[in-house]
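Please look over the sequence and the model shown below before reading on.

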Amino acid sequence: MELVKEFEGSTLTVFIKGEVDTVTAPTLEKEVSADQGKAEALVLDFNDVNYVSSAGLRVILSLYKKQSEKGGTFELVNVNAEVMTVLEMTGFTSFLTIK
C-alpha cells in the first residue's frame, strides 16, 4: 500500500494505492492519525484501492469516529464497485459519506 497525504486549507486528503488489509491497515491508521488533528475535513481517496479487509474496515471506522467526535467531516471518494459492495454488505454506507 502507498499513501500520499495532501492538505488544502483545513482538508486532509489521503490518496491510497493498493490493498487495505491486515498488513497495511495499521500503517494507514498511524499515518492518517498523525495529521488528523489538524484537519477539519478528512477525505480518503480510494481510486486505487482494490481490496479492503475487516482490518481495513476497522481503521475506516476508527478514523470516522475520531473525525466525528471533534465535529469534523469524513468522506470516502472514488470507491470502486468491489469495495462498495463490501461497504454495503457491512452497513458502512448507512453512516459514511461516499462520493
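In this predicted model, the side chains of Glu31 and Lys5 meet in a salt bridge, with 3.4 Å from N to O; the term stands for a side-chain nitrogen of Lys or Arg within 4 Å of a carboxyl oxygen of Asp or Glu. Because Glu31 lies in helix α1 and Lys5 in strand β1 (residues 2-8), the pair ties together parts that are 26 residues apart in sequence.

Some notes on the model belong here. Residues are numbered from 1 along each chain as its sequence is written, and side-chain values use heavy atoms, with hydrogens and water left out. As the model is predicted, local features need pLDDT of at least 70 and side-chain atom pairs count only at pLDDT 80 or more, whereas totals for chains, interfaces and linings use all residues.

How many salt bridges does a search of the whole structure find? The search finds five. Side chains of opposite charge can pair when their charged atoms come close. One of the salt bridges joins Lys99 to Glu75, whose closest N and O atoms are 3.1 Å apart. This pair links distant parts of the chain, since Lys99 is in the segment after β5 (97-98) and Glu75 is in strand β4 (residues 73-77), 24 residues apart. Lys99 is exposed, with a relative accessible area of 61%. Salt bridges that share partners also join Lys5, Glu31, Asp35 and Lys38 into one network.

Turning to the helix pair, α1 (residues 25-36) and α2 (residues 54-69) pack at an angle of about 15°, with their axes 9 Å apart. That angle makes α1 roughly parallel to α2, a term for angles under 35 degrees, while over 145 counts as roughly antiparallel, 65 to 115 as roughly perpendicular and the rest as oblique. In the contact between them, meaning heavy atoms within 4.5 Å, Ala25, Leu28, Glu29, Val32, Ser33 and Gln36 of α1 meet a set of α2 residues including Ala55, Val59, Leu63 and Arg58. By class, this contact of α1 with α2 has six nonpolar, five polar and three charged residues.

Within that contact, Glu29 forms a salt bridge with Arg58, the closest N and O atoms being 3.3 Å apart. The pair links Glu29 in helix α1 with Arg58 in helix α2, 29 residues apart. Glu29 counts as buried at 15% relative accessibility, whereas Arg58 counts as partly exposed at 45%.

Two single residues remain. Lys65, found in helix α2, counts as partly exposed at 46% relative accessibility, and Lys65 and Val49 are 16 residues apart in sequence and 21 Å apart in space, C-alpha to C-alpha. Asn78 has its place in the loop between β4 and α3 (81-89), and the phi of Asn78 is near 60°, a positive value in a residue other than glycine. Most residues other than glycine have a negative phi. Asn78 counts as partly exposed, at 38% relative accessibility.

Key:
Axes are lines fitted to C-alpha atoms, for helices over the stretch in contact, and angles run from 0 to 180 degrees between N-to-C directions. Helices (H or I, at least four residues) and strands (E, at least two) are DSSP runs, numbered from the N terminus. Ala, Val, Leu, Ile, Met, Phe, Trp, Tyr, Cys and Pro count as nonpolar, Asp, Glu, Lys and Arg as charged, and the others, Gly among them, as polar. Buried means under 20% relative accessible area, exposed over 50%, partly exposed in between (1.4 Å probe, protein chains only).
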